[in-house]
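Here is a short briefing on charged side chains that pair up. Look at the sequence and the model, then read the points below.

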Amino acid sequence: MTAPAAQNFRSEFLRELSARGYIHQGTDLSALDEKMAAGSISAYIGFDATANSLHVGSLLQIMLLRWLQKTGHKPIVLMGGGTSKVGDPSFKDEARKMLTLEDIQNNMDGIKQVFSKYLSFGEDRNDAVMVNNDDWLGNLNYLEFLRDYGIHFSVNRMLSFDSVKLRLDREQSLSFLEFNYMILQGYDFMELNRRHDCLLQMGGSDQWGNIVNGVDLTRRVSQNEVFGLTSPLLTTSSGVKMGKTVGGAVWLNEDRCSVFDFWQYWRNTEDADVGRFLRLFTELPLDEIARLEKLEGAEINEAKKILATEVTKLAHGEAKALEAQETARKAFEERSLGADLPSMDFDRSKLEEGQPFFVMLKETGLCPSSSEARKLIKGGGARINDEQVREDNRVVTLADLNAEGSIKLSAGKKRHMLVRPA
C-alpha cells in the first residue's frame, strides 16, 4: 500500500519517517499509526551475520531503529545467528556461501560494535535489546515445525514474491534450503511477538515478502495484530547501489574502512542526492536540509561536507568526524599530505628495485585494474606527491619518499593513499 501523507499521521515516528522519505510500503499503516500514537511499541529489524561488519547499504535500516528509539519506542536488533546458516535468497543471483558456526559468531561480534554508536542499550523501557534467532531456531524439531506451521504457508504465494520470482524467471537455481529462509523469518516475527511483544517488523523493500509472511503467521497462530513496514532500496542518482565504490564496500566498522575514507565517501555524493541523503542519514532539521539542497554550483560542496561530517559523527563520533574533515581540508585545499590520509605498508625491497606506478595504483586499491591505472595516468589523473604523472612507465622508488617518510599516491582529486616502506 502507499503511505498516507506525513500530515495525516498522528505518531511522531511515522510523521518523521514519511517526511524524510523512509516509507515504501506498509501493512495497515493507519492501524499502526494509532498504536504508535497511543504509546510505546517494540519493533525489530534483522541483520544476518554474513560479514564481520555491516556496510553503508545497511545504514538506512539502522537509522530506522534510531528514529524509532528517538520517538519513544523500543528497538529490537535481531542478529541472524540461525538464519545465517541458511542465507537469504532475496534478489541474489546465486546462493551465498555456507558459513561455519565460528564464522557466524565472529561476524556477529564485529557487527555488534556498530549498534552501540546508534542506539542506547540497557534496562529502561525504551532501551534497545539485541537478540539472536539461533536461540529458538537452533533447537527446532523439523517434523513438529512442519506439522505446526507448514500449513500456514502457501507455496503458490511464496513463488509470487519478487525476491523468488525474479530468480526463477532468470532460470537461476534456488535451493530448497534458501526457499526455507522466508519461513524461518516469518517464524522469527512470531517468536519476537511472543517473547518481546514485538508489533512491527521493518526492512528494505526486498524483504516485503518475508515480512508479510511473518505478519500472516503471527495473526493466524497467535491471533495477534502485527505490522510490516519497508523502506525503499537506495541507489545513487547514477544508478550505483548504495555502499559500493570502485574499491569495494564502504564498511561501518573502522577496522574495515578508515574514518577518512568513510567521510570521503559521503563527500563524493552526487549533487542530485545531497538533499535525499541529508534527510535519510542525518538528523539535521528538515528546514535546514531544504536550505542546503537548494545550493548550486560550488556552494553545493559545502552541503556535501556537512553531509559527510554529520553522517560520520553518528558512525564514529564527533571528534573523529571533525578530524577527518580537517584532514580533507588540508589534503585538498592546502595541498598538504594530511597525516590521517589512508596509509599502507609496502614492501621496501620492491621500492628499492623500482615498482611501476600503474602496478602500485592497483595494489593500493586506488584503481580496480592495471589497465584502468594506465588509462588514468595517460589521462593526467594520477599523481605522486601531488605531482602529475603522465608516463605510464613511470617507476616509483625510495627516491620518491617525502620528508615524512611516505609516498602520496593519488587517483583523481579525491582518492589518495600514503605508502610507507616496510
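**Salt bridges in a predicted model**

K320 counts as partly exposed because its relative accessibility is 36% (buried means under 20% relative accessible area, exposed over 50%, partly exposed in between, with a 1.4 Å probe and protein chains only). The model is predicted: local features need pLDDT of at least 70, side-chain atom pairs count only at pLDDT 80 or more, and totals for chains, interfaces and linings use all residues. Residues are numbered from 1 along each chain as its sequence is written, and side-chain values use heavy atoms, leaving out hydrogens and water.

**The overall count**
- The structure holds 16 salt bridges (a side-chain nitrogen of Lys or Arg within 4 Å of a carboxyl oxygen of Asp or Glu).
- R66, K70 and E283 are linked in a network of them.

**E254 and K320**
- These two side chains, E254 and K320, form a salt bridge at 2.7 Å, N to O.
- E254 sits in the loop between β8 (248-249) and α12 (259-267) and K320 in helix α16 (residues 318-333), so the pair ties together parts 66 residues apart in sequence.
- Helices (H or I, at least four residues) and strands (E, at least two) are DSSP runs, numbered from the N terminus.
- E254 is partly exposed, at 39% relative accessibility.

**E16 and R20**
- A salt bridge joins the side chains of E16 and R20 (2.7 Å, N to O).
- Both E16 and R20 are buried.
- They are 4 residues apart in helix α1 (residues 12-20), so about one helical turn separates E16 and R20.
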